Amino acid sequence: MSELDEERAEQHVQNACFKKGPPRLVGVESEWLVQDHRDAGAPISSHRLNAAVSAVEIPGALPQGSKFTREPGGQVELSSLPAPSLARCIEAMAADLATLRQAAESAGLVLTGRGLDPIREPARVLQHPRYQAMESFFDREGPWGRIMMRCTASVQINLDCGDDTGEVSGYRHRWELAHRIGPVLVAAFANSPLRNGRPTGWLSTRQAVWAHMDPKRTRQPRYHTDPGTAWMRYALEADVMCIPGDDHESWLAPPDLSFRDWLRGVSGLRPPTVSDLDYHLSTLFPPVRPRGWLELRMTDAQDGDNWIVPVVLAATLLNNPRAADAAWAATDPLCRDVHPFPSDDVWERAARIGLADPELAKAARACFAAADNALADPGVPVVLRQALAHFAERYSERGRSPAHDELDALQHV
């Protein structure tokens with residue numbers, strides 16, 4: 001593998017992370033907490049989880065070809081194949097999720113959609129050097145990394161970067177709009193108000209956990225008119241978490257070593273390669289991560305079939321030109337600085353009080369209305385519009401999120 005210099009590294013990040021073309025494909029990654037059907041607080045052993053999911057790890061077991069993976073605390077994840085339409089994406093994930101749920105239920109387990117485990121503090125069950133290095137890296141800043149790795153789950157929406165025009169289909173506009181609607185998604189779908197069975201003071205504690213972690217790899221990049229430049233600077237300024245090697249040795253990198261520092265040479269450390277850079281990019285966790293497409297990472301996991309709603313909302317707001325224009329206008333009050341991104345304070349308000357914030361509530365109602373209007377177009381399956389409307393009626397139009405259901409249930413215990 002060839003060594004890198006700074007110029008080649010900068011070009012590689014921009015070229016690899018922003019694939020340009022007409023926005024067309026939609027994907028989703030759904031993470032789930034795994035709980036005992038009868039006792040949600042019971043620990044799930046690795047042996048029991050292995051037995052439960054072994055059937056879906058057989059090639060071809062998932063009918064629509066989603067990728068099955070495990071997370072460090074025993075969470076499980078399905079990642080759909082890129083689909084040519086929103087409807088096809090939802091249909092495919094629903095089919096594969098039904099297969100995974102059946103496997104879990106046959107072992108007395110249940111897949112639970114929460115942004116943060118409300119009861120347990122699971123042990124780390126994956127011992128791969130990547131996760132050992134990740135945990136050690138985050139331990140330098142406190143307990144937040146361990147909580148993230150072991151206790152959190154999300155719905156991640158994957159959308160094309162966009163073309164190279166100045167229109168709403170352009171990658172610059174879509175990059176900015178994805179960040180503008182980010183706090184709206186956090187607030188509307190907040191679903192993690194409890195930890196260790198008690199309220200945390202946040203509706204999305206999962207988002208609060210991310211905010212407490214290494215800001216150079218978890219906050220949004222500094223704004224730049226060119227998203228590729230913004231991301232390149234962000235990526236190379238972030239500290240190196242892992243240096244992959246043999247599976248039987250430590251992958252932990254020296255402390256306070258940015259990737260740019262590594263490119264410039266470090267005594268006693270081999271020069272980085274393209275493979276090292278690609279691996280480094282996989283350890284960055286901002287709300288919107290460019291991976292050749294845009295990965296929207298800010299939404300708490302949703303219980304039951306409510307995972308459908310954030311996928312429908314985000315994909316419609318970015319892919320339908322009318323909805324995109326309406327969402328841009330609706331989020332203007334959230335962007336008061338000289339650039340069109342919401343500030344860190346807006347993200348914090350979204351996670352802490354959700355739609356109790358008047359600006360976020362107004363923006364959310366407008367975004368849901370814009371998506372609803374777009375979903376009335378001919379050819380869109382009515383079930384998608386119904387799912388969005390039902391969620392809006394139950395939650396966003398009332399200034400609530402799923403977190404309020406958890407808090408209400410706690411009061412009646």
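Modeller: About 80 Å³ of space lies in the largest cavity of this predicted model. A cavity is a set of points on a 1 Å grid over the protein atoms alone where a 1.4 Å probe fits but cannot get out; its volume is the space filled by probe spheres set on the points, which are joined across faces, edges and corners. The model is predicted, and totals for linings use all residues, while local features need pLDDT of at least 70 and side-chain atom pairs count only at pLDDT 80 or more. Residues are numbered from 1 along each chain as its sequence is written, and side-chain values use heavy atoms, without hydrogens and water.

The lining, meaning residues with an atom within 4 Å of a point, consists of R206, Q207, W210, T218, F285, P286, P287, R297 and M298. Two or more of these residues come from each of α7 and β9 (293–300); helices (H or I, at least four residues) and strands (E, at least two) are DSSP runs, numbered from the N terminus. The most is given by α7, with three residues. By class, five lining residues are nonpolar, two polar and two charged. Ala, Val, Leu, Ile, Met, Phe, Trp, Tyr, Cys and Pro count as nonpolar, Asp, Glu, Lys and Arg as charged, and the others, Gly among them, as polar.

Helix α7 (residues 205–212) also meets helix α5 (residues 144–151). W144, I147 and M148 of α5 make the contact (heavy atoms within 4.5 Å) with V209, W210 and H212 of α7.

Technical notes
Axes are lines fitted to C-alpha atoms, for helices over the stretch in contact, and angles run from 0 to 180 degrees between N-to-C directions. On a 1 Å grid over the protein atoms alone, a cavity is a set of points where a 1.4 Å probe fits but cannot get out, and a pocket is an open set with protein on both sides within 12 Å along at least five of seven lines; lining residues have an atom within 4 Å of a point.
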